[in-house]
Amino acid sequence: MILKYDVLIIGGGHAGCEAACASANMGAKTCLVTIDMNKIAQMSCNPAVGGIAKGQIVREIDALGGKMGIVTDRTAIQFRMLNRSKGPAVWSPRAQCDRGKFIWEWRTTLDNTDNLDIWQDQADELLVENGEAVGVKTIWGAELRAKSIVITAGTFLNGLMHIGRKQVVGGRIAEPAVFHLTESIAKYGIQVGRMKTGTPVRIDKRSVHFEDMTIQEGENDYHQFSYMGKPRRLKQLPCWECYTNKEVHETLRGGLADSPLYNGQIQSIGPRYCPSIETKLMTFPDRDQHLLFLEPEGEDTNEMYLNGFSSSMPMDVQIEAIRKIPALRDARVYRPGYAIEYDFFDPTQLKHSLESKVVKGLFFAGQVNGTTGYEEAGGQGLVAGVNAALHCVGDKTFTMHRDESYIGVLIDDLVTKGVDEPYRMFTSRAEYRILLRQDDADARLTEKAYEIGIAKRDRYDWWMEKKENLQRIVDYCNNTSVKPSLVNGFLEALGTTPLHGSVKIADLIARPQVNMKNLSEQLPQLKEILEASPNRVEEITEEAEITIKYKGYIERERVFADKMHRLENIRIKGRFDYPNIKDLSTECRQKLERIQPETLAQASRIPGVSPSDINVLLVLLGR
């Protein structure tokens, strides 16, 4: 049987779901191929979305017309805005979700997306004709043909799970691995590597002594992920904190001989920034304790997730160790933690559109590109899905610069620098953090998304209304003066210098002690201006305040970004015979020849390419 589509998405994880929705919403006839329709967008590890920099990615997905933010808001059981003690450039939303409801919310979203079919099967072989991907064959004998193929297979490609010395093939616990597909892709010259990730023990909350833990409540203010979504509707649940101790560490050290990470059983590299508990012991031998978070898996389940205790130690060692923690002394376990090794493909062989440089019409997104995290996967999936749809109708592509989005930073890092360990996004990876705030993703991306058809009219109209109200507030504050008699008592009470003459409202808001809320209580007209916004008053007020308070920093960073754009506009692909440019360093020649950067700016970000090498290229270009 042969089925024909415009776009095929192989894999129903977070990357695959966003890719499928994006492609279908662009008008492409799309098919999502997944092994199990009942585990769409499964949260294989922590049932949480967002976090440092990751939350910004989810807000960008939402601003672009993606679905992760909406699904998260509908299934959130605890929301927090991280980093509130720091500046707004690094504020990051995070939500604990109900794992089961998250799956079914995504399933409902896909089932109600026009132009999208779901095919429950397993891709077995990539079909390539004349250097172009044309379809896949499945293990059940179906042949699916398309103009674009997006591979979003997560950890399933030749997946191998480890608990102690025991090894079981699988894509994740109780699910089959995918064999043959990697080999059918690699034979066309696409480079393959192996990576490792892991997950912690799951605990029955009825066996936990919560009186020996510290409660961590969520926040119930106006913040959420989607700019358009409705307020959270599920019961909000707390998380809990506890620590490991010397006894825990002694127990774990006693089992290191059977740890696959340290007995040579696992050869691939795991995530540096989400290490296993045994890796923490070896990396920080002087630490007597490590912080753990016990987090709920859902509204209606007793299953809890022990964040910070990822492990592939033998199951008896894991259970004995956690029972040395006072709050978990009687812990009953649903299943132990485990590690999994899987195949990934070298992302430096991709264009910024996430299309392969080797096989035309073949796109990759998610963990198969060497990343870790649902958010990183979702962002890539959206970009790959859009570009797969665009590939069906012409040569136009959708990409984002590093000053436009964290997704742009992520993809540029992948295709320019490659990966030697699972890549995780942090705010420190972005050089334009004050431009890439969580509050302004719609300002950066929604109009761009609307122009190419990802964001629909309702989202565009929502943003235009918000934009108008935002500008109205900023203009009022920039143009309206305040007399000392109206605010000096208020300023003195805050411990800030009183006025000696009239100043603009914006000048007052620029002071650290002053914000829109407390100032509007002193200035009734300002309060009226703020409350005139018909929707999301608090959100618009917050963004207006940030725009005013950090104006100087924003403008300075914008100048730096514009300077870098000049190098982005200098295209160099195909213009140089790198191996024969003797004025370049040997490492530089090798890297440039392998990666073939599109622009001089991309070349400047490649590790091993120095500023002097860039100057050589500028001279050769006659600049």
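A: A174 lies in the loop between β13 (166-169) and α5 (181-186); here helices (H or I, at least four residues) and strands (E, at least two) are DSSP runs, numbered from the N terminus. Please keep in mind that this is a predicted model, in which local features need pLDDT of at least 70, side-chain atom pairs count only at pLDDT 80 or more, and totals for chains, interfaces and linings use all residues. Residues are numbered from 1 along each chain as its sequence is written, and side-chain values use heavy atoms, with hydrogens and water left out.

Phi of A174 is near 70°, a positive value in a residue other than glycine. With a relative accessibility of 73%, A174 counts as exposed (exposed is over 50% relative accessible area, buried under 20%, and partly exposed in between, with a 1.4 Å probe and protein chains only). P176 is found in the loop between β13 and α5 as well, and its relative accessible area of 40% makes P176 partly exposed. Setting aside residues up to four places away in sequence, P176 touches I35, F156, G170 and G171, where contact means heavy atoms within 4.5 Å. For a sense of distance, P176 and D346 are 170 residues apart along the chain, and their C-alpha atoms are separated by 24 Å.

Another positive phi turns up at N83, again near 70° in a residue other than glycine. N83 sits in the loop between β5 (76-82) and β6 (92-97). As for helix α3 (residues 68-75), seven of its eight residues are buried, so α3 is largely enclosed by the rest of the structure. Those buried residues are M68, G69, I70, V71, T72, D73 and T75.

M304 lies in strand β18 (residues 303-310) and is buried, with a relative accessible area of 4%. Leaving aside neighbours within four places in sequence, M304 is in contact with V201, R202, I203, K205, F210, W240, L294, E295, P296 and E297. Q590, in helix α19 (residues 586-595), counts as exposed at 55% relative accessibility. Its C-alpha atom and that of H209, 381 residues apart along the chain, are separated by 58 Å.

Now for the helix pairs. Helix α6 (residues 246-254) and helix α8 (residues 315-322) pack at about 170°, with their axes 8 Å apart; axes are lines fitted to C-alpha atoms, for helices over the stretch in contact, and angles run from 0 to 180 degrees between N-to-C directions. The two helices, α6 and α8, are therefore roughly antiparallel (angles over 145 degrees count as roughly antiparallel, under 35 as roughly parallel, 65 to 115 as roughly perpendicular and the rest as oblique). V248, T251 and L252 of α6 meet V317, E320 and A321 of α8. Four nonpolar residues, one polar and one charged make up this contact of α6 with α8; Ala, Val, Leu, Ile, Met, Phe, Trp, Tyr, Cys and Pro count as nonpolar, Asp, Glu, Lys and Arg as charged, and the others, Gly among them, as polar.

Helix α9 (residues 374-391) and helix α10 (residues 406-417) cross at roughly 85°, their axes coming within 10 Å, and are therefore roughly perpendicular to each other. On the α9 side, E376, G379, Q380 and V383 meet I407, L410, I411 and L414 of α10. By class, the contact of α9 with α10 has five nonpolar, two polar and one charged residues.

Finally, the rings. There are six aromatic pairs, counting rings of Phe, Tyr and Trp (its six-membered ring) with centres within 6.5 Å, where planes under 30 degrees apart are stacked, over 60 edge-to-face and the rest tilted. The rings of F345 and F364 have centres 5.0 Å apart and planes at 50°, so the pair is tilted. F345 lies in strand β20 (residues 338-345) and F364 in strand β21 (residues 362-364), so the pair ties together parts that are 19 residues apart in sequence. Both F345 and F364 are buried. Y550 and Y553 form a tilted pair too, at 6.3 Å centre to centre and 45° between the planes, and Y550 is partly exposed at 23% relative accessible area.
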